[in-house]
Amino acid sequence: MATQFVPYTPDVEDDDPNFERNLQTVIEKTESYIAESVKAGGTGRALRDAHAKGYGLVRGEVEILDGLPPEYAQGIYATPGTHDALIRFSNGSPHAGADARLGAATGLALKIFDVPGPTLLEDEPDTGTFDYANINGPIFFCNTIEHYLFIQELFLNAPAYFSQGRPGARRFFTEFVTGKGTLDQDNWAWDEFLAFLRLSKTPPANLLLSSYWTMGAVRHGDYIAKVRITPDPSFAAAVVRRTLDPASAQEVFRPALKAELQERPYAFDIQVQLCTDLERMPVEDTTVEWPEQLSPSVTVARLRLPQQDISGPENLEKMDSLSFTPWRVTAEHAPLGNIMRARKEVYRRSSIERHKLNQQPRTEPSSADEVLGPAQ
């Protein structure tokens, strides 16, 4: 019996009458944190309010596969071909510093070049670029912009909580579950807290050996999906530096990434998991992992990383000047759900503020060569 995929319609998303008001509060807190990070962040520069520490900017190539089933050959994946790309590997924390202090939540942000059609960013519709901003977990710990109001505050102040030992940790956990006392007991944020605990137990791994998900659901043309960027097994098997101990040195993730790419090329598969059941594969609840047995992830493209040298300080400088957002996509790939919708303006305003404070031009590049120079 053929699999029935849920068609995309606008009503798969819930309406939130307080969305705009809460969004403005989050933007104000985000801009304030970024401004304060120039002095407080320890780097002398304005930091991102999430994924503040980058591990390297990597040249890549995306090959969209030919002969895909029609349900998967949607949007940009309907046209086989090869595109230049850039990848930013990062830590998920809003703080910079030693890897051991930041945890094992990591990100892979992908920028694909020469993608036709307008993006969903009204102030830069014609960039020809297409972004993913993915994390190394199939779930996320925040479902709504309303809950992000207190979760953001907790994460930005996490070092102050955890520096106080067990009492500080208990207070952090209590304030997470109760929404800093704002939630009725029947509505405590247990699902989000348990998702946070699960993600916090992710063991540290070489960045090339992690899978990275879109966090929430996205449109996939006529359907609804999550997108995963996952290691190609044959390339993953060749990785030498497989286990990392963040307590062993100030920097562990970047040196391992740098060394692997100097020695050999690498590849990921870009995979799409289509929704077949809105109850068990919800759009508005990012704490629920979509079961593979309901709908397996199908490879729609390959992301190839050639052998390269990312060791120089200029690599970090060039990486810092770029912006990645899940909303720099065509309409056929629009992010879905309350918290994904919030990322649009938060990311945009965050990028504007950071570039302004760091006196960096905020422009989208037209090619990988424009950023990194011609490939060697």
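**Notebook: rings, charges and a helix pair**

I began with a charge over a ring: Lys-111 lies over the face of Phe-324, 4.7 Å from the ring centre. I count such a case when NZ of Lys or CZ of Arg is within 6 Å of the ring centre and within 35 degrees of the ring normal. I then found the charged end of Arg-341 over the ring of Phe-19, at 4.6 Å from its centre.

A note on the source: this is a predicted model, where local features need pLDDT of at least 70 and side-chain atom pairs count only at pLDDT 80 or more, while totals for chains, interfaces and linings use all residues. Residues are numbered from 1 along each chain as its sequence is written, and side-chain values use heavy atoms, with hydrogens and water left out.

Next I looked up aromatic pairs, and the structure holds 25. Rings of Phe, Tyr and Trp (its six-membered ring) pair if their centres lie within 6.5 Å; planes under 30 degrees apart are stacked, over 60 edge-to-face, and the rest tilted. Phe-5 and Tyr-72 have ring centres 5.9 Å apart and planes at 80°, so I noted them as edge-to-face. This pair links distant parts of the chain, 67 residues apart: Phe-5 is in the segment before α1 (19-40), and Tyr-72 is in the loop between β1 (54-64) and β2 (81-91). Helices (H or I, at least four residues) and strands (E, at least two) are DSSP runs, numbered from the N terminus.

Buried or exposed, I asked of Phe-5 and Tyr-72? Both are buried, meaning under 20% relative accessible area, with exposed over 50% and partly exposed in between (1.4 Å probe, protein chains only).

I also checked Trp-188 and Trp-190: their ring centres are 6.4 Å apart and their planes at 55°, so this pair is tilted. Trp-188 is partly exposed at 28% relative accessibility, and Trp-190 is partly exposed at 43%. Both belong to one aromatic cluster, whose members include Phe-172, Phe-173, Phe-176, Phe-193 and Phe-196.

α5 (residues 165-178) and α6 (residues 190-200) pack at about 140°, with axes 8 Å apart. Axes are lines fitted to C-alpha atoms, for helices over the stretch in contact, and angles run from 0 to 180 degrees between N-to-C directions. I therefore call α5 and α6 oblique (under 35 degrees is roughly parallel, over 145 roughly antiparallel, 65 to 115 roughly perpendicular, the rest oblique). Phe-172, Phe-173, Phe-176 and Val-177 of α5 meet Trp-190, Glu-192, Phe-193 and Phe-196 of α6, contact being heavy atoms within 4.5 Å.
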